[in-house]
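The following paragraphs guide a new reader through the structure shown below. The account begins with the ligand and its surroundings, and then turns to a pair of helices and to some details of the backbone.

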Amino acid sequence: MGDTSSRRYLRKTLFSKRQFLIGAGSAAIGLGIGSGADAQRESRLWDLIIIGGGTAGLPAAIFASRRGKKVLIVEASAQLGGTLLLAMGQMSAAGTKVQKMRGIEDDPQEHFDDIIRISKNTVDRDLVRLAVWNAAETYDWLWDNGFDMVLDHPVAGRAHEPYSKLRYYWGNDWGLSIVKVLEQEIQTEVDKGNVTIQFRTEAKELLQETDGTVTGVVVQEENGTVQRHNGRHVLLACGGYASNPAMFRELCGYTHYARMSYPYSQGAGHKMGVAAGGYLRGRENYLSNFGGIMVDENVPSVVDVRPNTYPERRLPWEIYVNVEGRRFIREDIPSVDAREHALLYQPELRYWIIFDDAIRKQAPALLDTWSQQEILDAFDSHPMFYKASTLGELATEAGINAEVLQRTVQQYNLGVLTGHDFFGRQHKPLPIIKQPFYAIRTQGYSSSSTVGLAVDKELRVIHEDGSPVPNLYAAGELLGSGQTMGRAACGGMMITPALTFGRLLGQSMLQFDT
Ligand SMILES: Cc1cc2nc3c(=O)[nH]c(=O)nc-3n(C[C@H](O)[C@H](O)[C@H](O)COP(=O)(O)OP(=O)(O)OC[C@H]3O[C@@H](n4cnc5c(N)ncnc54)[C@H](O)[C@@H]3O)c2cc1C
């Protein structure tokens, strides 16, 4: 999610991550996290074992600990935060203190209605209800604990289909702003002696009784040591599969084009949940974004920069064509959702932005973060940038159908001349006639997991017949974007439910006394 050019994004992530690593190193000492051997010596029955110390896992631990429960977090990496370490960190919540302070009237019903509208009713209504009716309390909790919100927030939207109200927030340091609050809060619970964190330890499989009741987890430390931990409840909060190309393809049916998710998002929770009797859902809800420019031909590759294809910020001067040389969308259509859905039907989720020399010179910058000179140089050096003196040559170089591309450009030019575009496009300032001609290859991709483990309203992992797998819960991206965003990108509806479901499980949903 998010629209910032990956160039700026990478720079920021690397910088912030370095800072965070230093913080995490010292925190690890403070956290007093034992080695695997220490944890084994304790050999206790944990009230709650949480697999994954990220977006959903940390609030679950914090709030369960506040109830005096003994919690073990098993974390595969060497740091806390999970995908928040590189996410934009955008959240949405209705009825927050900030909204009230700013005089914004909003309520969860309106948030819910917006999500139903944007997703065209493809979400899991129960989970979305649970998320949005509790989102404000989650956001207020972050806010009360020093969340560093961007000053003029909330906003209606950016990069995704806008909400009808201003209820969209993120931090000055993006996902790291959330991590800062979570780290501070978890440290308090660790200091109380309620929370133990085992870093560099991977959960491998769940322990179950013969009747299917989950009783614990088998973990493996980095050094190969295998241990068993027993727990009264186990929460799978180990994220998605968006860094596992084979699983990505298998589960959603689309190629994993962009390497930009958290490296530990390998789908371990999907596998453990299914092995324990759960099932997966949401495949039909895959949706890619409207694309970025990759650094090379590798699959997956890294996004170099995202073109500004948002008409509300920059009206398009170019046309977009697929590999067949055909346009597939009115380029100035205001809805980002419409553009994303149109791209879903194009071969390899790919299109080329086509323009000529007059447009290059006169149009506002297509790549916000690159200078005119950088763009010009890219046509001589970048594998996704093409330049030629005829449209036919341009098409051949770029790998597009040459005959169709020439016809497409002729038709577009006719539309510019007559004022009537075949796609109904309104903004068409110049025809494409002046050589050299240019093409930039753009790739649709998704950085999250669509398919997820099925849970009920109480976040219990369920069998296909709807009955729960006893003592097993799941939250976060493991539930799949298909459940909380549907076949759309609903602003903040990954991080907000992950934090909220974690909080609710720890605070009240998990029953320890039965
Ligand atoms: C670049 C990017 C930008 C995004 N921006 C937004 C946004 O602005 N708004 C939004 O709503 N969503 C956004 N998302 C999605 C959102 O960030 C994630 O869906 C969410 O943070 C996932 O939370 P989680 O708790 O499920 O997983 P994570 O936060 O990833 O936590 C999972 C943890 O489990 C650990 N783990 C994994 N496997 C194991 C194992 N076997 N054993 C032990 N530990 C394990 C991981 O190391 C990790 O620490 C973005 C995603 C990306 C990649």
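The structure is a predicted model. An oxygen atom of its ligand lies 2.9 Å from a polar backbone atom of Gln90. An oxygen atom of the ligand is also found 3.3 Å from a polar backbone atom of Gly492, and a nitrogen atom of the ligand stands 3.5 Å from a polar backbone atom of Val74. On its own the ligand has 1,000 Å² of accessible area, and the protein covers 99% of it.

The surroundings of the ligand may now be considered as a whole. There are 37 residues around the ligand, of which Thr55, Glu75, Thr83, Glu477 and Ile495 come nearest. Strand 6, which spans residues 201–208, supplies the largest share of the shell, with 3 residues.

The next subject is the packing of two helices. Such a pair is described by the angle between the helix axes and the distance between those axes. Here the pair consists of helix 6 (residues 125–144) and helix 16 (residues 495–509), whose axes come within 8 Å and cross at roughly 85 degrees. Because angles of 65 to 115 degrees count as roughly perpendicular, helix 6 and helix 16 are roughly perpendicular to each other. On the side of helix 6, the contact is made by Leu127, Leu130, Ala131, Asn134, Ala135, Glu137, Thr138 and Leu142. Helix 16 contributes Thr496, Pro497, Leu499, Thr500, Phe501, Arg503, Leu504, Gln507 and Met509. Taken together, the residues of this contact comprise 10 nonpolar, 5 polar and 2 charged.

Most peptide bonds are trans, and most residues other than glycine have a negative phi.

Finally, Asn121 is not a glycine, yet Asn121 has a positive phi of about 60 degrees. Asn121 is located in the loop that lies between helix 5 (108–119) and helix 6.

How values were computed: Residues are numbered from 1 along each chain as its sequence is written. This is a predicted model: local features need pLDDT of at least 70, side-chain atom pairs count only at pLDDT 80 or more; totals for chains, interfaces and linings use all residues. Side-chain values use heavy atoms; hydrogens and water are left out. A residue is near a molecule or strand if one of its heavy atoms lies within 4 Å of it. A polar contact is a pair of N or O atoms within 3.5 Å; within protein, one must be able to donate a hydrogen and the other to accept it, and residues adjacent in sequence count only if both atoms are side-chain atoms. Accessible areas come from the Shrake-Rupley method with a 1.4 Å probe; for residues, only the protein chains shown count as cover. Helices (H or I, at least four residues) and strands (E, at least two) are DSSP runs, numbered from the N terminus. Axes are lines fitted to C-alpha atoms, for helices over the stretch in contact, and angles run from 0 to 180 degrees between N-to-C directions. Angles under 35 degrees count as roughly parallel, over 145 as roughly antiparallel, 65 to 115 as roughly perpendicular and the rest as oblique. Contact means heavy atoms within 4.5 Å. Ala, Val, Leu, Ile, Met, Phe, Trp, Tyr, Cys and Pro count as nonpolar, Asp, Glu, Lys and Arg as charged, and the others, Gly among them, as polar.
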